[in-house]
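Hello,

Here is the structure we talked about, handed over with some notes on what turned up in it. Please have it open as you read.

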Amino acid sequence: MHRTSTPAVRTEAVWKIFRQEAEEVQAVRDVSLRFERGEFTALAGPSGSGKTTLLNLIGGLTRPSRGEIHVAGQALSPLGNHELAALRLRHIGFVFQAYNLLPVLSALENAELPMLLQGVGLEERRARVRELFLRTGMEGLEDRRPGKLSGGQQQRVAVVRAVAGQPALVLADEPTANLDSAASDALLEVMAELNRELGVTFVFATHDTRVMQRARRLIRIVDGAVASDEARG
Amino acid sequence: MQRAPWWRIGWRNLGRNRRRTVLTAMGLAVGYCSVVFMVGWAGGITAELVENATGLVSGQIEIHDAGYRPDRSLYDTIGGRDGADFESLLATITRDSAVVAAAPRVFAGGLVSSGEATSAGILMGVAPRRETVVSRFLDPLVSGRLPEPGANEVVIGEEMARQLGVAEGGEVVVVGSAADGSMANDLYTVAGMFRTGLAEFDAATLVMPIGDLQTLLVLDPARIHEIAVATGDPATATTTAARLAGALGAEARGLDVAPWPELNPVLSEYVSLADSMYWIFIVIIFAVASFGIANTMLMATFERRREFAVLLALGATPASVVASVLGEAVAIGAVSVAVGAALILPPMAWLHAAPLNLDWLYGNVTLQGALLTPSLRIEPNIPAWTWATVGLVLTALLAALYPAVRAARVPPADTLSGV
């Protein structure tokens, strides 16, 4: 793992505290992490450990109670909602557990949506998506709507959608949770290849051992805090 | 500015719950049809009232001596007691491009008798061939023919004939006050009968050639009471009247050139009221329709909260999410307009060309001297129909605004949590 002057993500003493009636829930506690570009990292932990909340904080989908987060060198706390949306559009891709493709768009249209929002021209959009579809074994399925794709195929489209806009990092929340073993392995292989060949930074929130085994860095989250952080071969 | 396919997404979303889309679109389409039909029918009623008020007996414009109205004195003739060269006036009037025809008239009050029966009535002197171009009540006649000048012939209303018990070829005695103060009376043959549908007019009007009435009333042939003017379009009568007043030098000559809105202000006010009612139709019907759209869009957006959260997470701005929902609303509005227009325009065109007879439902109606026949007649009103179309799309947009704003405020993290 190499360190560059501007990491993909840096968190500084980040806390996220939810209030439920009179009770205070510390979902994320004093997390300081640095994710370099090109990492393939898993945030592991049991359900309710705070890994999804941490992912949402990094993605600018929710704001920390204390601390600061930098994405691609940009501190998030000064940004308004529109600026956060613009930052997500430029620098962050998302992969969700339930795929979350738009059912009225074809696989190709779903995959190119972030680029449309970025204002990328038609030819470049189509070229990037077709190349990624080829890499992920989705060629020939471009015109299918999500309802006509298997879970594994839908998640591959979601991965293509996440990386096609060339973000600084991709945040994947339990991407294999709804897939069987074969589909999970295939999807992980696709993401590992994209990480290896295109240098896309992946950060997973997962409790899937297959994801943990493939990750080159494994951060264990327990009760909202970093319990361990180990680099792996 | 994000150039995302919001319209495409909106359009395709219509197909996700087809039954709901069809029901909503049909609701809007029926509302649209109602507005278009009511506006067209109201236009038909207004057009017929105005046409009959200004074309059946009266003209769209009437020219009198400035002192003639409202007393209608026998002595207040055009040009005063010396009369006027009304042929010259007629020539000036008919030179105006908006004028179709003009005809002179003389009026007086009188009694009409046959045997023991007598009716009080209006004696109307006309130039028969000119009159039938300006007005419609003498052409066609119910029976008989137009009176010949100098032959002591008259035509009378059908109701007057019934009250007097006289038929075509029968004789009536006409008695009136002559301009020289003497008693005017003479015997006339009934050459024909007319029926306008205006009960009072048909019961009280006797028509004879203008020269014969001038002779009876001892009026100089140059003295007439009225020039009735027919124009191509009643809507332009006021501007045409102003132009004619200038051409005739009306002020200097003591002439009153009055368009029909001035002659029949109640009818004019009714037309204005009917025009304003178009907007009331549009507002009421589309206000009702807006609740249907708002309900549909609220349900649709609630069902798709996760999709909006995904869009927002991907970096779409809230404005883009609003645009996607509004795109769907506009799509449903456009479909509704297309369906509504396809349903209503063919029968409207047919009813415009061939008004449906409704005499099984109701009889003739008279409003301020204007006849309304029992028919379902449609008149095109392109501006109102255009506004109805724009209004429907605007209704769809406005009704979708609240659901759209709600969709744009979906919290992505909470909505996508665990999915």
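Two residues are in contact here when they have heavy atoms within 4.5 Å of each other. On that rule, 26 residues of chain B are in contact with 25 residues of chain A. A word on the source before going on: this is a predicted model, in which local features need pLDDT of at least 70 and side-chain atom pairs count only at pLDDT 80 or more, while totals for chains, interfaces and linings use all residues. Residues are numbered from 1 along each chain as its sequence is written, chains are lettered from A and ligands numbered from 1 in the order in which they are written, and side-chain values use heavy atoms, with hydrogens and water left out.

**The interface**

Chains B and A bury about 2,400 Å² between them, 65% of it on carbon and sulfur atoms; buried area is the accessible area (1.4 Å probe) that two parts lose on being put together, summed over both. There is one salt bridge across this interface, meaning a side-chain nitrogen of Lys or Arg within 4 Å of a carboxyl oxygen of Asp or Glu. A:Glu109 forms a salt bridge with B:Arg12, and their closest N and O atoms are 2.5 Å apart. On the side of chain B that touches chain A, the elements giving two or more residues are α1 (6–13), α12 (305–314) and α15 of chain B. The largest share, seven residues, comes from α12(B). Helices (H or I, at least four residues) and strands (E, at least two) are DSSP runs, numbered from the N terminus.

**The second largest pocket**

This pocket has about 730 Å³ of space. Its lining has 34 residues, and A:Asn56, A:Leu61, A:Thr62, B:Ala413 and B:Asp414 lie nearest its centre. A pocket is an open set of points on a 1 Å grid over the protein atoms alone, where a 1.4 Å probe fits, with protein on both sides within 12 Å along at least five of seven lines; lining residues have an atom within 4 Å of a point. The volume is the space filled by probe spheres set on the points, which are joined across faces, edges and corners.

**Backbone details**

Most residues other than glycine have a negative phi, and most peptide bonds are trans. The bond from B:Arg69 to B:Pro70 is cis, with omega near 5°. Another cis peptide bond joins B:Asp139 and B:Pro140, with omega about 5°. A:Asp30, not a glycine, has a positive phi of about 50°.

Best wishes
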